[in-house]
Structure formats: C-alpha cells, structure tokens
Amino acid sequence: MVELLWHSLAAGINTPYRGVTMENPFDSDAIEPQSRWLLQPDVEPHQETVHFVRSLGGSGEITVKELTLLAYYLNENREARHSWPGELLFQSLAGMFDHRTPSKADRDGFNQDLEEIERECSRVAVVIADEGPEIALDSLRVEELPLPVLDKTIEIFSDDVGHSYNVNLHRQSCSCPGWSASRSKYNAGDLRRCCTHMIEAYLQVIQAGELPDCSPVFHALMEDRVRRGRSLDPKFTWRLVKIKLRPHLVIHASRGWSYVYAPGGNSTFSRYAFEVDERRWAFGHVPGSGKAIESYLDDARKKGPA
Ligand SMILES: [Zn+2]
C-alpha cells in the first residue's frame, strides 16, 4: 500500500505539465547551426591552400584583387579545389564571379568565411612556440620607416575609374580624390600617405632600379600591397622594430589584429597576424621573434595611439 502511494506520487512529480503540450526546448534558434567550415576529425587542411589564404585579407576586409588571386589559384590547382578548405571556397567564388564583379556584401560574407577558416586552422594547428631567449623590451630599436623621396611624377592607370592619376614621389601626393580626403593630412614621409596608386608608383621605380637605397622591407611591403590591391591603412601605426638588428615592420591599432612583416630566409619577408586580446597568432603561425613582438605590442597598447 505504501509502495503504491509512492509510485503515484513519483508519477505526479515527473509529469508536472500534464495536459500542457510541451515544446522541445532544443528546437529553438538558440542552438548555433554547425559551421559549414567545421573540420571533421579525419580531414587534414590542404597546407598549400592554407598558406595561400594566410597571405590574403587584413583590416577586416578582402579586396576584389585578392578574390581574383584566390580564384585563379583554385582554378589552376585541382588538388586544392578538391580538399578542405579549397572545395568550399571554390564553390563560393564561382557563384560570386558569375557575370559580375563581387559586391561589398559578397566580399564581407567571404571575409567572414575566411575568419572561420582561420579559427579552424588555429584550433587544429600544432603551434610551435618561439623558444628563443627572452629579448628585453628596451633592447628593441623602434624607428619610423619613411617613404623614400624621388624627384619624379608617374601616371598610374586606375581600372576602377578607367583613367589615370598623377603620383608625385617628391611631394608624396596623388591626384586621386581619396588621397586629398584622407591622406594629405599626414606629414611628408609618413607611410599613411600611400594610396594604392602611390604604392604602384613606388613599386615601378624600385623595379626599375631608381631607388637603389630602398630598404628590403619597404620593397617587400610595396610588392605585397600591389599584388593584393591594397593601400596602407591609415588607422594603423606603422613602425620598424629592429629585433637583434633584424628589421620587422609592425602594424598595429589599439584593438583587433596587428600585423608584422618578419624576415625569413633569402631576404624575403612573410606577413603574420597577432590578436592581442585573444593572445594568438593567426593560423597558429608564429614568427621567429614572436615573444619579442608580443611584448612590443603589449607595450604599444599600454602607451595608446601614437
Ligand atoms: Zn591615389
């Protein structure tokens, strides 16, 4: 008798909403849909594609030129477009380039995809920490990287508008409207005076041997920016940081991603990105002097904008 009573009580407790149609709480929108970029446990990222993707983007956007570079790369590389993440990227790009130039919304969506790919790569990356000896902050030499001066004016054709602009490399000015609006306010020599046209003009004179004393990191910067159709973003602080006499170009803002062009072998430079709040290097890819650069970026953030 006692046992029977207990059973009926328990049944009552277990069904408090008797008569009410219960909704499954797990059907709600609160559950994040699984990312289409999620890397399955038995799948390895295609390293060459990851290397290619790592060289693109920055400042929270991707340029049409970068999308075109990636489309050509995938078009010419069968293995890349049949593996992760090339397969999905190829599908997106094919839809985007269908009879038109990708819009700003297309590019923003694609940039978000690249951010998800970056997170996935970082999640599975085997990060090789910078085990070099501790480098004291006061042993780093921080300098400006001034724009070289050359008594020359060059016409640079712009595909966007279908005509040319005049770049004066002595005054470091350009006749494009963007230059007058947002770059003319910086002092002569300041990298932030560089619009896309000025970058092309600098690369032309460097390649023609007209700036023999130009520093290799400036050459690498101009080459990389022309390749990707990018200017030098005015919201960043651009500094040459010499670590054990080796020049690193460090590009930082007060928040978000910072970038560094670090020297590799054969006088080449590679671009790396570090997130100060999350304390991580993009794609798990750490430059040789990673710890020293992190210390510099922490210190720069404490001091505030230059
Ligand atoms: Zn310009």
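Which residues touch the most other members of the largest nonpolar core? Of its 53 residues, they are Cys174, Cys194, Met198, Leu249, Val250 and Val260. A nonpolar core is a set of buried Ala, Val, Leu, Ile, Met, Phe, Trp, Tyr and Cys residues joined through C-beta atoms within 7 Å. A residue is buried if 20 or more other C-beta atoms, placed from the backbone, lie within 10 Å of its own.

The model is predicted: local features need pLDDT of at least 70, side-chain atom pairs count only at pLDDT 80 or more, and totals for chains, interfaces and linings use all residues. Residues are numbered from 1 along each chain as its sequence is written.

The protein chain holds 10 helices and nine strands, which are DSSP runs (helices H or I, at least four residues; strands E, at least two) numbered from the N terminus. Of its 306 residues, 28% are buried.

Met198 belongs to the buried residues of helix α8, as do Thr196, His197, Ile199, Glu200, Ala201 and Tyr202. These buried residues pack against β2 (153–158), β3 (163–168), β4 (173–174) and α9 (216–228). Just after α8, Gly209 takes a positive phi of about 75°.

Two strands pair if DSSP finds at least two bridges between them. The antiparallel pairing of β2 with β3 has six bridges, and that of β3 with β4 has two. Asn168 is the bridge partner of Thr153 and also stands opposite Ser173 in β4. The hairpins compare as follows.

| Hairpin | Residues between strands | Residue with positive phi |
|---|---|---|
| β2 and β3 | four residues | Gly162, near 80° |
| β3 and β4 | four residues | Gln172, near 55° |

Terms used:
A residue is buried if 20 or more other C-beta atoms lie within 10 Å of its own, exposed if 12 or fewer, and partly exposed in between; C-beta atoms are placed from the backbone. Two residues are in contact if their C-beta atoms, placed from the backbone, lie within 7 Å.
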